Amino acid sequence: MDLPHSTLVDQKQAKATIHSLRQQLHSSELVQLKAILPPAHVTSMKLNSEKGASSWLLVLPISDHVLHSTRVLSMMPCVFAIIGNHQTYQATACVCGSSFNTDHALTCPTGGIPSVCHNDFTANLLTEVCPNVCIEPPLQASTGELLSHDTSNSEDGARLDVSAQGFWSDRHHRAFFDVRVFHPNAPSYRKMQLPSAYRLHERQKQRSYDQRVREVEHGSFTQLVFSTSGEMGKCASVTYKRLASLLSTKQEQLYGATIA
């Protein structure tokens with residue numbers, strides 16, 4: 001026997017009220033929890049709430065790219081990094097001379113974790129849909145072009161991370177990409193809102209290379225900014241959506257399944 005329409009409406013309103021009260025309770029508990037946690041842990045909570053922050057836990061690692069893991073314990077350093085805790089390591093000092101801990105492993109410019117595989121991974125995906133993919137392509141020397149920004153990179157021998165032909169539009173157009181991975185839980189970013197940190201790094205990359213790539217290389221430049229928590233900046237998001245679209249078309253798969 002079907003219920004009257006008025007009863008169904010009442011049920012829907014009651015469920016919405018319960019959901020709203022539950023959300024208010026969770027929000028109140030979250031405020032109380034943040035008040036007693038150390039600042040570093042509060043930052044970790046914000047990072048882990050970002051879109052895509054836990055995506056790496058839901059995907060199947062690819063053995064072809066040497067990303068597979070045979071032991072659950074090998075994932076524990078990543079888990080400790082995400083929750084903001086520090087492990088006890090056998091090594092107490094980094095090769096750069098600094099003290100070694102989880103935060104330093106995610107920020108050290110001398111072979112730190114963020115520098116591992118990001119060029120190869122992006123290039124491997126681009127190879128599926130673009131010709132002439134190159135890792136660390138050298139830029140042509142400037143022939144007198146005036147670069148407007150003081151921070152523009154005009155050095156001979158400068159390189160970007162990846163280039164590919166025909167990514168954005170014309171198949172003869174060359175697209176250049178440069179990757180930056182930053183650790184939001186580092187002391188210099190803890191007082192900064194995460195969107196502001198992404199914009200900061202995107203502006204720095206754009207001012208360094210965008211005009212040079214356009215006027216000397218006659219190509220396009222895209223800055224790919226990621227955080228160690230798994231989120232990405234606006235330009236990187238647009239780029240990977242475009243890449244997913246190209247992959248889905250080539251592999252004859254649904255776009256939603258490809259980008260997931």
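A: Cys134 has a relative accessibility of 26%, so this cysteine counts as partly exposed; the class lies between buried, under 20% relative accessible area, and exposed, over 50%, using a 1.4 Å probe and protein chains only. Cys235, at 24%, is partly exposed as well. A disulfide is a covalent bond between the sulfur atoms of two cysteines. The structure holds zero disulfides, where the test is a pair of cysteine sulfur atoms within 2.5 Å.

Before going on, a word on the ground rules. This is a predicted model, in which local features need pLDDT of at least 70 and side-chain atom pairs count only at pLDDT 80 or more, while totals for chains, interfaces and linings use all residues. Residues are numbered from 1 along each chain as its sequence is written, and side-chain values use heavy atoms, leaving out hydrogens and water.

Helices (H or I, at least four residues) and strands (E, at least two) are DSSP runs, numbered from the N terminus. Side chains of opposite charge can pair when their charged atoms come close. The rule used here asks for a side-chain nitrogen of Lys or Arg within 4 Å of a carboxyl oxygen of Asp or Glu, and it gives two salt bridges.

One of them joins Lys205 to Asp178, with the closest N and O atoms 2.3 Å apart. Lys205 belongs to helix H6 (residues 194-217) and Asp178 to strand E3 (residues 174-182), so this pair ties together parts that are 27 residues apart in sequence. Both partners, Lys205 and Asp178, are buried.

The other salt bridge is between Asp210 and Arg214, at 2.9 Å from N to O. These two residues are four apart in helix H6, which means about one helical turn separates them. Asp210 is buried at 14% relative accessible area, whereas Arg214 is partly exposed at 41%.

Thr151 sits in the loop between strand E1 (134-135) and strand E2 (162-165), and is exposed at 51% relative accessibility. Thr151 and Lys205 are 54 residues apart in sequence, yet their C-alpha atoms are 9.5 Å apart in space. Leaving aside residues up to four places away in sequence, Thr151 touches Arg207 and Ser208, a contact being heavy atoms within 4.5 Å.

Further along comes helix H7 (residues 234-251), whose 18 residues should span 26 Å at 1.5 Å a residue, in agreement with the 26 Å between its end C-alpha atoms; the expected span is 1.5 Å times one less than the number of residues. Among the buried residues of H7 are Tyr240, Leu243 and Leu247. After H7 comes Glu252, with a positive phi near 55 degrees.

To place all this in the whole, the protein chain has eight helices and four strands, in the order α-α-α-α-α-β-β-β-α-β-α-α. Of its 260 residues, 31% count as buried. Among contacts with a separation of 6 or more, 57% are between residues 24 or more positions apart.
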